[in-house]
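Please find below my notes on this structure. They are set out as numbered points.

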Amino acid sequence: MSITVTADKVKTDQEQKLRQLLLHLSKYSPFYRELFEKHQIDINAIKTVKDLAKIPTTGKEDLQKCNDDFLCVSRDKIIEYASTSGTLGSPVTIALTENDLNRLTYNEYNSFVCADGKPEDIYQLMLTLDRQFMAGIAYYAGLRKLGAGIIRLGPGVPSMQIETIQRLNPTAIVAVPSFILKLIQFAKDYNIDLNKTSVKKAICIGENIRNTDFSLNILGKKITEAWDIQLYSTYASTEMQTAFTECHEGHGGHLQPELVIAELLDEDNNQVSANTPGELTITTLGVEGMPLLRYKTGDICMYYDEPCACGRASLRLSPIIGRKKQMIKFKGTTLYPPAMFDLLNEMEEVRDYVVEVYSNEIGMDEVLLHLLPLDDSKACDNRIRAYLQARLRVSPHVTYITAEQLQKIQFPESVRKAVKFIDKRV
């Protein structure tokens with residue numbers, strides 16, 4: 001959609017697509033047909049985005065429990081089976097038709113254009129394209145539509161990533177930010193100047209690189225201090241088949257209003273105002289195989305509705321503050337994993353980590369940090385514990401592990417991305 005489209009045109013188009021979605025669900029979705037009947041929902045009374053409040057929300061538990069009942073097409077129409085990563089429980093299968101894959105391509109094409117992608121760019125994809133990972137296919141298809149060059153290298157192996165950068169001269173990379181730090185460390189260890197390479201920008205996936213005021217967080221700062229590249233953050237989920245991507249202004253991920261309706265809801269499922277944390281709740285537009293209506297993602301963030309300096313007037317999302325189910329209440333302090341990650345990324349004494357939370361004998365949250373320290377000295381241990389106490393005001397449990405042990409925790413069999421948070425609470 002053009003960045004100059006008026007708000008009235010966006011509203012009219014969304015409402016038309018919403019009516020099409022409701023008809024599609026009432027006709028083909030076993031799950032939503034039952035929901036409409038149970039709550040006596042007259043879909044003809046849902047004419048505007050505000051009218052969505054008349055419909056109950058849907059959650060991850062519904063998708064996990066009734067996965068097949070969300071399917072709106074016969075099996076012979078499905079040409080792609082993607083799945084969620086299972087971060088918040090058992091994985092969910094998302095089935096896509098040919099039309100859905102075309103929509104996914106359009107979505108990611110828009111995202112790369114938003115992030116200043118051009119046909120003359122060459123992107124090195126540092127992520128998997130297998131294991132039912134929807135994002136990998138989306139990036140690949142979007143870049144093909146853009147007409148850019150693609151290097152499908154896969155995740156991990158810093159030596160191979162840098163050798164390929166030196167040999168094929170990509171202008172951009174798509175990678176998890178913490179892995180970019182590993183590239184930087186490898187380059188430093190082998191006296192390679194990354195600023196003399198062809199790479200000028202990075203599309204950052206899976207982790208925050210900004211604070212909620214849009215300033216770079218510690219992870220973002222560490223990358224840009226060592227490597228003079230432009231960072232673009234992107235947020236997406238398999239279920240919504242749509243991405244929110246930053247432009248060069250770096251002031252939030254832009255909504256694609258022709259593809260999704262976004263609500264941010266409080267604990268009572270009421271829409272929050274701008275600049276106020278709420279749970280992102282999405283309604284997919286134009287999805288054929290497994291469309292979703294008022295689906296609560298579990299992700300807490302804020303929205304901004306003033307026009308962006310880039311010229312786009314679409315709603316923008318802040319970095320994700322945390323996942324609702326991952327909130328930790330530890331010794332009277334409320335924490336989200338991303339805040340813990342920022343804290344650990346700040347510490348020069350910590351090379352890498354995994355945060356684990358579990359229930360103690362009286363059902364309270366306990367935090368255990370698995371840390372790969374800079375060295376094994378008592379002085380390093382003292383600095384780590386003092387810093388944690390000073391910043392958190394409480395002392396989590398700490399265990400030091402080797403790089404090999406950390407690798408086994410972060411990459412158990414069949415995972416698609418490094419595990420940074422383990423939730424063992426009952």
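The points below cover the model itself, helix packing, sheets, aromatic rings and a few single residues.

1. Basis. This is a predicted model, in which local features need pLDDT of at least 70 and side-chain atom pairs count only at pLDDT 80 or more, while totals for chains, interfaces and linings use all residues. Residues are numbered from 1 along each chain as its sequence is written, and side-chain values use heavy atoms, with hydrogens and water left out.

2. Helices α6 and α7. Helices (H or I, at least four residues) and strands (E, at least two) are DSSP runs numbered from the N terminus. Helix α6 (residues 158–168) packs against helix α7 (residues 177–189) at about 80°, and their axes are 9 Å apart. That makes α6 roughly perpendicular to α7, a label for angles of 65 to 115 degrees; under 35 is roughly parallel, over 145 roughly antiparallel and the rest oblique. Axes are lines fitted to C-alpha atoms, for helices over the stretch in contact, and angles run from 0 to 180 degrees between N-to-C directions.

3. The α6 and α7 contact. From α6, Pro158, Ser159, Gln161 and Ile162 meet Phe179, Lys182, Leu183, Phe186 and Ala187 of α7; contact means heavy atoms within 4.5 Å. The residues of this contact divide into six nonpolar, two polar and one charged. Here Ala, Val, Leu, Ile, Met, Phe, Trp, Tyr, Cys and Pro count as nonpolar, Asp, Glu, Lys and Arg as charged, and the others, Gly among them, as polar.

4. The four-stranded sheet. The strand order is β20-β19-β18-β21, in an open sheet with mixed pairing; two strands pair if DSSP finds at least two bridges between them. β20 (397–400) and β21 (421–424) stand at the edges with a single partner strand each, so one side of each has no neighbour in the sheet. From one strand to the next, the twist averages 20°. Strands β18 (residues 350–359) and β19 (residues 365–373) are antiparallel, with nine bridges, and Val355 stands opposite Leu369 in β19. Helix α9 (residues 337–346) lies across β18, β19 and β21, and runs at about 150° to β18.

5. Strands β5 and β6. Strand β5 (residues 172–175) pairs with β6 in the parallel sense over four bridges. Ile173 stands opposite Ala202 in β6. On β6, Lys201 and Ile203 point one way and Ala202 and Cys204 the other, and all are buried. Buried means under 20% relative accessible area, exposed over 50%, and partly exposed in between (1.4 Å probe, protein chains only).

6. Aromatic rings. Rings of Phe, Tyr and Trp (its six-membered ring) pair if their centres lie within 6.5 Å; planes under 30 degrees apart count as stacked, over 60 as edge-to-face and the rest as tilted. The count by this rule is ten aromatic pairs. Tyr235 and Phe244 form a tilted pair, at 6.1 Å centre to centre and 45° between the planes, and both residues are buried. Phe31, Tyr32, Phe36 and Phe70 form one aromatic cluster.

7. Is Asp51 buried or exposed? Asp51 counts as buried, at 16% relative accessibility. Its place is in the loop between α2 (30–38) and α3 (60–65). Not counting residues up to four places away in sequence, Asp51 touches Ala45 and Ile46.

8. Two exposed residues. Lys196, in the loop between α7 and β6 (201–204), is exposed at 72% relative accessible area. Val426, in the segment after β21, is exposed at 97%. Val426 and Asn360 are 66 residues apart in sequence, with their C-alpha atoms 9.5 Å apart in space.
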